[in-house]
Amino acid sequence: MAKRGILVVMSAPSGAGKRTLLEKLWETRPSLETTVSATTRAPRPAEVDGEDYHFLDRETFERRVAAGDFVEWAEVHGNLYGTLREELDRRLASGHDIILELDVQGMRNLKAQRDDVVTVFLTPPSLEELERRLRNRGTEDEAVIALRLRNARDEMAAQDEFDYVIVNDDLDRAAAEMENILRTERSRQTV
Ligand code: ADP
Ligand code: 5GP
């Protein structure tokens with residue numbers, strides 16, 4: 001049988017550490033895949049189009065929704081975000097493990113379409129620490145930070161819907177837990 005990778009959807013409140021965890025995992029596992037989502041959000045100063053996101057204006061995004069180019073999409077913190085079908089298909093064909101960073105709506109949407117999705121919620125140790133991380137990151141203005149913190153409460157309330165919950169206090173431990181999840185799911189797949 002052809003080797004098949006594990007497809008993980010990881011959700012978390014903004015600032016919990018999804019991107020940091022992915023970068024940590026890449027240090028020891030460069031083959032781990034993710035997709036480059038499309039978004040209508042403005043690029044942050046260090047972000048590169050086509051690497052961090054495909055940055056689209058709303059009209060183009062909506063045209064691509066109508067054309068069926070997205071596997072899933074959602075409005076998150078006032079902007080549109082979506083997974084392009086061609087991005088996901090290319091990664092699935094690689095046979096490597098894939099971690100998608102989606103919001104809770106995206107998780108629900110993808111889970112409804114596929115029975116091979118493993119869902120992981122990454123939670124900050126506390127809402128106070130989440131606020132500290134968002135502020136220290138320094139990529140959003142106060143109004144956007146406030147909106148993301150308000151939305152964090154609803155996102156945290158959805159964590160029971162996920163297969164696994166990882167608390168991101170110590171980054172090394174969180175990365176080890178994600179590796180364990182991938183190992184467990186892989187052994188399940190072959191029995
Ligand atoms: P997300 O992708 O979930 O929005 P980021 O990965 O950008 O979050 O992390 C938000 C901020 O928190 C960053 O400044 C990052 O350096 C910091 N951070 C992430 N994980 C940890 C951790 N385990 N301990 C302390 N700070 C962390
Ligand atoms: P950010 O603006 O901080 O990069 O991302 C904000 C939120 O959008 C995060 O919770 C992230 O998981 C979510 N997100 C990013 N890409 C996608 C996507 O393709 N689909 C969905 N549904 N959510 C996404």
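Around ligand 2 stand 18 residues, and S37, R41, Y53, E72 and Y81 come nearest. The structure is a predicted model, and every value given here is computed from it. By class, the shell around ligand 2 holds six nonpolar residues, five polar residues and seven charged residues.

An oxygen atom of ligand 2 lies 2.5 Å from an N or O atom in the side chain of Y53. Y53 is also one of the residues that come nearest to ligand 2. The side chain of R44 takes part as well: one of its N or O atoms is 2.9 Å from an oxygen atom of ligand 2. With E101, the backbone is involved instead of the side chain. A nitrogen atom of ligand 2 is 3.5 Å from a backbone N or O atom of E101. On its own, ligand 2 has 510 Å² of accessible area, and the protein covers 95% of that area. The space that ligand 2 takes is the largest pocket. Two elements give two or more residues to the shell around ligand 2: strand 4, residues 70–76, and strand 5, residues 79–84.

The loop between strand 4 and strand 5 contains H77. The backbone of H77 has a phi angle near 45°. This value is positive, and H77 is a residue other than glycine. H77 has a relative accessibility of 16%, so it counts as buried; the cut-off for buried is under 20%.

Ligand 1 has its own shell. It is surrounded by 13 residues, and the closest are G15, K18, T20, R137 and N168. The shell around ligand 1 divides into three nonpolar, five polar and five charged residues. Helix 1, residues 18–28, supplies at least two residues of this shell, and so does helix 5, residues 127–137. The largest share of the shell comes from helix 1, with three residues.

Both backbone and side-chain atoms lie close to atoms of ligand 1. A polar backbone atom of K18 is 2.8 Å from an oxygen atom of ligand 1. A nitrogen atom of ligand 1 is 3.0 Å from a polar backbone atom of D169. The side chain of R137 has an N or O atom 2.8 Å from an oxygen atom of ligand 1. Of the 570 Å² of accessible area that ligand 1 has on its own, the protein covers 74%. Ligand 1 sits in the largest pocket, and the space taken by ligand 2 is likewise the largest pocket.

L182 is found in helix 7, which spans residues 171–190. Its relative accessibility is 1%, so L182 counts as buried.

A further buried residue is E87. It belongs to helix 3, residues 85–94. The relative accessible area of E87 is 4%, and E87 is therefore buried. The side chain of E87 has a partner: a polar contact of 2.9 Å joins it to the side chain of H54.

Key: Residues numbered from 1 in each chain as written. Chains lettered and ligands numbered in written order. Predicted model: local features only at pLDDT ≥ 70, side-chain atom pairs only at ≥ 80, totals over all residues. Heavy atoms only, no water. Near = heavy atom within 4 Å. Polar contact = N/O pair within 3.5 Å; in protein donor to acceptor, adjacent residues only side chain to side chain. Areas by Shrake-Rupley, 256 points an atom, 1.4 Å probe, with all protein chains shown as cover. 1 Å grid on protein atoms, 1.4 Å probe; cavity = no way out; pocket = protein on both sides within 12 Å on 5 of 7 lines; lining within 4 Å. Sits in = over half its atoms within 2 Å of the grid points. Helix = DSSP H or I, 4+ residues; strand = E, 2+ residues; numbered from the N terminus. Nonpolar A, V, L, I, M, F, W, Y, C, P; charged D, E, K, R; others polar. Buried < 20%, exposed > 50% of the residue type's maximum accessible area, 1.4 Å probe, protein only.
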